[in-house]
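Me: I have a model open and want to learn how to read it. Can we go through it feature by feature?

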Amino acid sequence: QVQLAESGGGLVQAGGSLRLSCAASGRSFSKNAMAWFRQAPGREREFVAAISWSGDSLEYADSVNGRFTVSRDNDENTVYLQMNNLKPEDTAVYYCAGTGVPGGTHYAPSRQYEYVYWGQGIQVTVSL
């Protein structure tokens with residue numbers, strides 16, 4: 001059974017930092033793109049960041065570009081999201097996702113339908 005398990009969320013003050021981790025089990029994602037999405041209350045789930053299997057391509061939403069960094073450790077089957085200079089508008093449930101098929105070294109899609117595997121989500125709350 002394939003599972004993606006997020007960790008590292010919580011409550012932080014504006015301007016602070018958090019590092020989310022997503023540990024995959026049940027299969028290797030070393031040749032698959034991985035991504036982070038988020039959903040704020042009353043809003044649709046939106047793209048945050050994606051990374052190709054090689055790490056050669058990184059994609060970010062405009063709202064987080066320059067503040068968030070996505071990375072991965074294929075040996076550990078884990079993807080990370082370092083979030084700096086957090087803002088109250090970053091408050092959301094954050095989801096880790098993985099594509100269902102391997103992709104090229106620069107394949108890092110931002111569309112949700114590209115991702116087959118999803119974690120349960122983890123809450124990130126940024127206070128003023």
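This is a predicted model: local features need pLDDT of at least 70, side-chain atom pairs count only at pLDDT 80 or more; totals for chains, interfaces and linings use all residues.

Me: How many bridges join S1 and strand S3?

Reply: Five bridges, in the antiparallel sense; S3 covers residues 18-25. To follow one of them, pick Ser 7. Its bridge partner in S3 is Ser 21.

Me: Is Ser 21 buried or exposed?

Reply: Ser 21 counts as buried because its relative accessibility is 17%, and the cut-off for buried is under 20%. Next, look at its contacts beyond the neighbours within four places in sequence. They are Ala 5, Glu 6, Ser 7, Trp 36, Thr 78, Val 79 and Tyr 80.

Me: Now the core. Which residues have the most contacts inside the largest nonpolar core?

Reply: Again, the general idea first. In soluble globular proteins, nonpolar side chains tend to be buried together. The largest nonpolar core in this model has 36 residues, and Trp 36, Leu 81, Met 83 and Tyr 94 have the most contacts inside it. Several strands supply at least two residues each, among them S3, strand S4 (34-39), strand S8 (78-83) and strand S9 (92-99). The largest share of this core is five residues, and it comes from S5.

Me: Take Met 83 as a case. What is Met 83 in contact with, leaving aside its neighbours within four places in sequence?

Reply: Its contacts are Gly 16, Ser 17, Leu 18, Leu 20, Arg 67, Phe 68, Tyr 94 and Val 124. Remember Arg 67 from that list. We return to it below.

Me: On to charges. How many salt bridges does the structure hold?

Reply: Side chains of opposite charge can pair when their charged atoms come close. This structure holds three salt bridges. Begin at Arg 38. Its side chain meets that of Glu 46 at 2.7 Å, N to O. Arg 38 is buried at 5% relative accessibility, while Glu 46 is partly exposed at 28%.

Me: Which residue forms a salt bridge with Arg 38 at 2.9 Å?

Reply: Asp 90, with that distance taken between the closest N and O atoms. Asp 90 lies in the loop between S8 and S9 and Arg 38 in strand S4, so this pair ties together parts 52 residues apart in sequence. At 1% relative accessibility, Asp 90 counts as buried.

Me: And where does Arg 67 lie?

Reply: Arg 67 is in the loop between strand S6 (58-60) and S7. The side chains of Arg 67 and Asp 90 meet in a salt bridge of 2.7 Å, N to O. That pair ties together parts that are 23 residues apart in sequence. Arg 67 is buried, at 9% relative accessible area. Shared partners join Arg 38, Glu 46, Arg 67 and Asp 90 into one network of salt bridges.

Notes. Residues are numbered from 1 along each chain as its sequence is written. Side-chain values use heavy atoms; hydrogens and water are left out. Two strands pair if DSSP finds at least two bridges between them. Helices (H or I, at least four residues) and strands (E, at least two) are DSSP runs, numbered from the N terminus. Buried means under 20% relative accessible area, exposed over 50%, partly exposed in between (1.4 Å probe, protein chains only). Contact means heavy atoms within 4.5 Å. A nonpolar core is a set of buried Ala, Val, Leu, Ile, Met, Phe, Trp, Tyr and Cys residues joined through side-chain atoms within 4.5 Å. A salt bridge is a side-chain nitrogen of Lys or Arg within 4 Å of a carboxyl oxygen of Asp or Glu.
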